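Hi,

Here is the structure I promised to pass on. Have a look at it, and then read my notes below.

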Amino acid sequence: MCGIVGYIGQQKATPILLEGLKRLEYRGYDSAGIALLEDEGLKHEKSAGKVHMLERLLANRTFTSHIGIAHTRWATHGEPTDLNAHPQLDDTGNIAVVHNGIIENYRALREVLEREGHNLVSDTDTEVIAYLINMYYNGDLTEAVRMALSQVEGTYAIAVIDSRSPDKIVAARNGAPLLLGQGQGENFVASDVAAILRHTNKVAYIEDKEIVTLTADNYHISTIENVEISRKVEEINWSLEMIEKAGHDHFMHKEIHEQPETLRNATRGRLNIEEGTVRLNGLTDHLEDLSRIKRVIITACGTSWHAALIGEYLLEEYAQIPVEVEYASEFRYRSPIIDENTLVLVISQSGETADTLAAMREARRKGAKALGIVNVVGSTIARESDGGVYIHAGPEIGVASTKAFTSQIMVLSLITILLGRMRNISANMGKEMIEALESIPEKIQQILDNEIQIKEIAETYYKSNNFLYLGRGVNFPVALEGALKLKEISYIHAEGYPAAEMKHGPIALIDEKMPAVVIATKDSIYDKVMSNIAQVRARNGRVIAIATEGDAEIANHVNHVIFIPQIKQCFSPLLSVIPLQLLAYHMAVLRKCNIDQPRNLAKSVTVE
Ligand code: F6R
């Protein structure tokens, strides 16, 4: 979603802002822009399309400014045109605003402004903010922003510059991420740390309804109601290499290959093999509550929701706790029945997804304890939850989630062991599960080493227009995830189904042009899945099977087999999803798609 970066200091602002925008590209966007305070006043440039188009425009201009703001826009109100790109200016041309979020009452505000004779030119909800700030400007930009925001309903992270206050940037947040970065004699504001990591790893998170005023040497935070806030700066332990491609063609490819390491990181220091249990620091204050909970609700969106479905299988089987999995976007508008014995688990890679955040807030309002399973340290869900577990997958830049998914499953497995050991699983069983989890990274590496075979299968099928993904039991959510990966990055239509459900409808679609990817690992329902495969083959469907090493027989029944190592059944998703990620990746590469920034998608969906 939209990305914001702002700079004030001694260096030239333009290259810093452009680099920041490139680092924000992964969030998903369709236009970009920049505003700078030059000696002659406010200058700006903006363009529909990618940052390199903005860069081309800027190549014809000479800017020397040391203060500016920049933006990548993911269109919500108005098409992605030059005019609708941010920054949005007021009609005096003094004020420039960049904005992430949605101003819900912008129509009413616009009508008032138009009645007063202003001529707003864009289709955006953002433009009104620039006009309101100008209306309230009386020599103090922070005050004018405060007054303007008191009129605004909705979500925002904004950054503002004004040629009449050339020594400051004012930024504010309500419901969309924003942080400040502290350098030496320079300060930054950004939607996420990737935009400024080259310059500083010292950040302070801005909270909802807070305003921050940055000068080159200082910053000042207050609430919209003008209460002073003292916020400490924290050091982020992400390095620049972590947000670069390290020799891979795409971030997604790098992230798929990082999984042996990211899964080691997810378990590091957390396993207690002797006692067959785990230690999760973020949950130690909640152990008593966890021992008495009678029900779990897991809420999430997209890929994180698929991880939640796998969590449901794990928790019900091993901890014997009833689990419901809810789309966060639905949960927030229902009247869920929650009591003090209900635990709400919230899963989010970014920790900023608007629907997931709203669902968590709703659950907490209703008295539930909400624990987060989050990747981005310091993100809003991580900060607002009652506790939780970081997945430690490192920055995920590819829009299609890969390594975060497996790390989420790993953390759900650890939580399962913790809760299971409080209830009905023995130390021996706990130990067996931990040993299985410890073997996962090496087994994933074996699958990755077979990438060439998966690429060959992709070469056979990349021109197909439709795909079916089938799985059963704990591998049904993996079928959903495999289909989601394919459609997201290759734009091939794909459906994930529980294999047995196929005969209740989707079977009508099967012919020689409809390949089916079937997860057919050797487990308790293997024979049933083989019958489902037979049903596909009987209708001339072509089958790519994900099967367990040593299953010599399966090749006689399918067109292609990708083998994965043996693993305890409940943890098989950690392996079975890897070939599906690679298959989607290679088909998208062959179709010449934009792998890391698929059309229309945003990495962090911070609007409803
Ligand atoms: C799919 C994908 C999305 C996200 C979803 C939730 O590849 O990335 O479906 O999983 O938008 O995002 P988080 O986990 O950041 O809350």
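First, a definition: helices (H or I, at least four residues) and strands (E, at least two) are DSSP runs, numbered from the N terminus. By that naming, L582 lies in helix α18.

Some background on where this comes from: it is a predicted model, so local features need pLDDT of at least 70 and side-chain atom pairs count only at pLDDT 80 or more, while totals for chains, interfaces and linings use all residues. Residues are numbered from 1 along each chain as its sequence is written, and side-chain values use heavy atoms, with hydrogens and water left out.

L582 has a relative accessibility of 0%, so it counts as buried (buried means under 20% relative accessible area, exposed over 50%, partly exposed in between, with a 1.4 Å probe and protein chains only). Leaving aside neighbours within four places in sequence, L582 is in contact with I256, H257, L448, E451 and I454 (contact means heavy atoms within 4.5 Å). If you want a sense of distance, the C-alpha atoms of L582 and I102 are separated by 36 Å, and these two residues are 480 residues apart along the chain.

**Two helix pairs**

Two packed helices are described by the angle between their axes and the distance between the axes. The axes are lines fitted to C-alpha atoms, for helices over the stretch in contact, and angles run from 0 to 180 degrees between N-to-C directions.

Helix α18 (residues 573–590) pairs with helix α13 (residues 403–422): their axes come within 10 Å and cross at roughly 175°. That angle makes α13 roughly antiparallel to α18 (under 35 degrees is roughly parallel, over 145 roughly antiparallel, 65 to 115 roughly perpendicular, and the rest oblique). On the α13 side the contact is made by F405, T406, I409 and M410, and on the α18 side by P573, L574, V577 and I578. Sorted by class, this contact has 7 nonpolar, 1 polar and no charged residues (Ala, Val, Leu, Ile, Met, Phe, Trp, Tyr, Cys and Pro count as nonpolar, Asp, Glu, Lys and Arg as charged, and the others, Gly among them, as polar).

Helix α13 also holds S413. With 0% relative accessibility, S413 counts as buried, and apart from neighbours within four places in sequence it is in contact with L314, L437 and F571.

The other pair is α4 (residues 127–136) with α5 (residues 141–150), packed at an angle of about 125° with axes 8 Å apart. That makes α4 oblique to α5. The contact is made by L132, I133 and Y136 of α4 and L141, A144, V145, M147 and A148 of α5. By class, the contact of α4 with α5 has 8 nonpolar, no polar and no charged residues.

Which backbone oxygens does the side chain of N187 reach? One belongs to T215, at 2.9 Å, and the other to N218, with 3.2 Å between that oxygen and a polar atom of the N187 side chain. N187 lies in strand β10 (residues 187–190) and is buried, with a relative accessible area of 2%. Its contacts beyond four places in sequence include G6, Y7, I8 and G181.

S350 is in the loop between β20 (342–348) and α11 (354–365). It is buried too, with a relative accessible area of 8%. Its side chain reaches the backbone nitrogen of E352 at 3.1 Å and makes a polar contact with the side chain of T353 at 3.4 Å (a polar contact is a pair of N or O atoms within 3.5 Å; within protein, one must be able to donate a hydrogen and the other to accept it, and residues adjacent in sequence count only if both atoms are side-chain atoms). Not counting residues up to four places away in sequence, S350 touches V376, S379 and S604.

Most residues other than glycine have a negative phi, and most peptide bonds are trans. Here are the spots to look at:

- H86 and P87 are joined by a cis peptide bond, with omega about 10°. P87 is in the loop between β4 (67–73) and β5 (88–89).
- K209 is not a glycine, yet has a positive phi of about 60°. K209 is partly exposed, at 42% relative accessibility.
- N540 is not a glycine either, and has a positive phi of about 65°. N540 is exposed, with a relative accessible area of 53%.

Cheers
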